[in-house]
Amino acid sequence: MKLNPKMLAVSAALLGLLAGGAALPAGAASPFAAAPAAISLPWLAAEVESVETGSYASTMTVGTAQQLSPVILPAKAARTATVTFLSNDPTIVSVTSEGVAQAVGVGTAQVVASANGVSCVYTITTELDDSMIVKEMDITLASNTISVGDTTSLSLGVLPTSASNYASVSLSSSNPAVATVNNFGKVTGVAPGTATITATSGDVTASATIKVVNSGVDRQSIDLNTSYVVLKPGASRTITGKVTPSSASQSLTFKSNDSKVASVSAKGVITAVGTGATSVVVSNGTASASVTVIVNRSASSGGSGSGDNSGDGSGEALIDPVVEAIEAAEGDEVAFAQREVPVVTSEMLNALRLSGKTLVVEADGYTIRIAGTGVKNTAAQVSTALSFAPSEYGVTFTLNGGAALPGVVQVEMTGDNAAYTRVYLHNAVKGKWQFLNSYRDHVLEADTAGEYLLTTQNLRFVHVDFTFFIAGLVVIVGIIIAYIAIKKRYWFW
């Protein structure tokens, strides 16, 4: 066999290198030895190393909400990590699965955001603004004199009136052996004598004196022509009363607990000033009675209250028919068409919360349900009008115009809207749609107002980093080119 000289030279060089390596001492490094390189496969999920709170408001006003946006490092891990949120006191700060924190009570709460076992803590303190804090308070007893064993009711007025939704009031008697009072303002005569009933809210107090007499002793009372009045701003109504026994003084005085809502003249003419609720106290110096006054812009004209409808009748109004229906309903649900309830007002929400009933508002393509047991903030009114607009993925609609909700609101999709199987909420902070798992059987359980998307598509896109794939491809191509060049140069097989 004839040997190629080039082939012999290459073989000799290789044998020399191998012999040199074998001759090295045991502790010496071979020229072919190299430290093993750490291999990071680009398709493997990155581990979460840290979770930070990012920017957020540590102080919130009750009734407001904010989006919590934790920062996950490394950035590659943030693309695939699932973040969960948990509040240690939902009665102070509640949080949705998307990280929307809402201040619902006064105090300090902590919200924990966790991703793959790594977490951070948001400490949030909630407080009331000036419109939610009681500045003045007034007590009115339906009767200042009662017999032993009899009861009378207490009405309470606060300023500003908006604070009534947030005020925490305690009631007490200066002499429980004479008269007691419960948390609902019911005063009971125990023994002859006098006692002072006091209401306390923070640093503000108000009191009224009750006289208890033996049964059979004549006592005075005032019978009024109505017990409540509902008016539009600017309308008026005259209140009249008669004192029993007839031998008692028939000279009556009238006083409004909040003249910004309704004023009253010396002759008992009530004039509505601004929206809200208050009471007018009628007294002859010994006995007293009160009239509840509600001023509502949407009130319809007609009579109001109970008893005789005497008076000028100018602008008289019935109590809100929706509130009236809620209070009078025998079942658990009260249903209206959307055109009848364009806005769920604070009065309606308060009636729902007190009765525990559910208001159902039916419209074309959807039905809204608000349960009284879920109402947390009666000041947050709800617009029942939803406008559906076509989009690239389905249809969008804005719930309550983006304003805060009073609690959980159910939206059931009907008609064509029931064809969609998935719901997303637009996160304005992150600028993307977030999937909601609270949509089942065409019913959305929403506690966050904003823009929603109905769709049949899965918008959870996978973010792939192709940098490593491109670099790996370049390396592989380079190896192939080098292999071909060497083989062509030293072709000996």
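Me: Which residue forms a salt bridge with D138?

Reply: General idea first. Side chains of opposite charge can pair when their charged atoms come close. A salt bridge here is a side-chain nitrogen of Lys or Arg within 4 Å of a carboxyl oxygen of Asp or Glu. In this structure, D138 pairs with K255, and the closest N and O atoms are 3.9 Å apart. This is a predicted model, where local features need pLDDT of at least 70, side-chain atom pairs count only at pLDDT 80 or more, and totals for chains, interfaces and linings use all residues. Residues are numbered from 1 along each chain as its sequence is written, and side-chain values use heavy atoms, with hydrogens and water left out.

Me: Where in the chain do D138 and K255 lie?

Reply: Helices (H or I, at least four residues) and strands (E, at least two) are DSSP runs, numbered from the N terminus. D138 is in strand β10 (residues 136-141) and K255 in strand β22 (residues 253-256). The two residues are 117 residues apart, so distant parts of the chain are linked.

Me: How many salt bridges does the structure hold?

Reply: It holds 3. One of them joins R369 and E333, at 3.7 Å from N to O. R369 sits in strand β31 (residues 366-371), E333 in strand β28 (residues 333-337), 36 residues apart. R369 has 24% relative accessibility and counts as partly exposed. E333 has 48% and is also partly exposed.

Me: What is the distance between R369 and E412?

Reply: Their closest N and O atoms are 3.0 Å apart, in a salt bridge. E412 lies in strand β35 (residues 409-413) and R369 in β31, so the pair ties together parts 43 residues apart in sequence. E412 is partly exposed, at 26%. Salt bridges that share partners join E333, R369 and E412 into one network.

Me: In what order do the strands of the open sheet run?

Reply: Strands of a sheet pair through backbone hydrogen bonds, either parallel or antiparallel. Two strands count as paired if DSSP finds at least two bridges between them. Here 3 strands form an open sheet, ordered β3-β7-β6, with antiparallel pairing. The edge strands, β3 (65-67) and β6 (93-95), each pair on one side only.

Me: How many bridges join β6 to β7?

Reply: There are 3, and β7 covers residues 100-103. S94 has Q102 in β7 as its bridge partner.

Terms used. Buried < 20%, exposed > 50% of the residue type's maximum accessible area, 1.4 Å probe, protein only.
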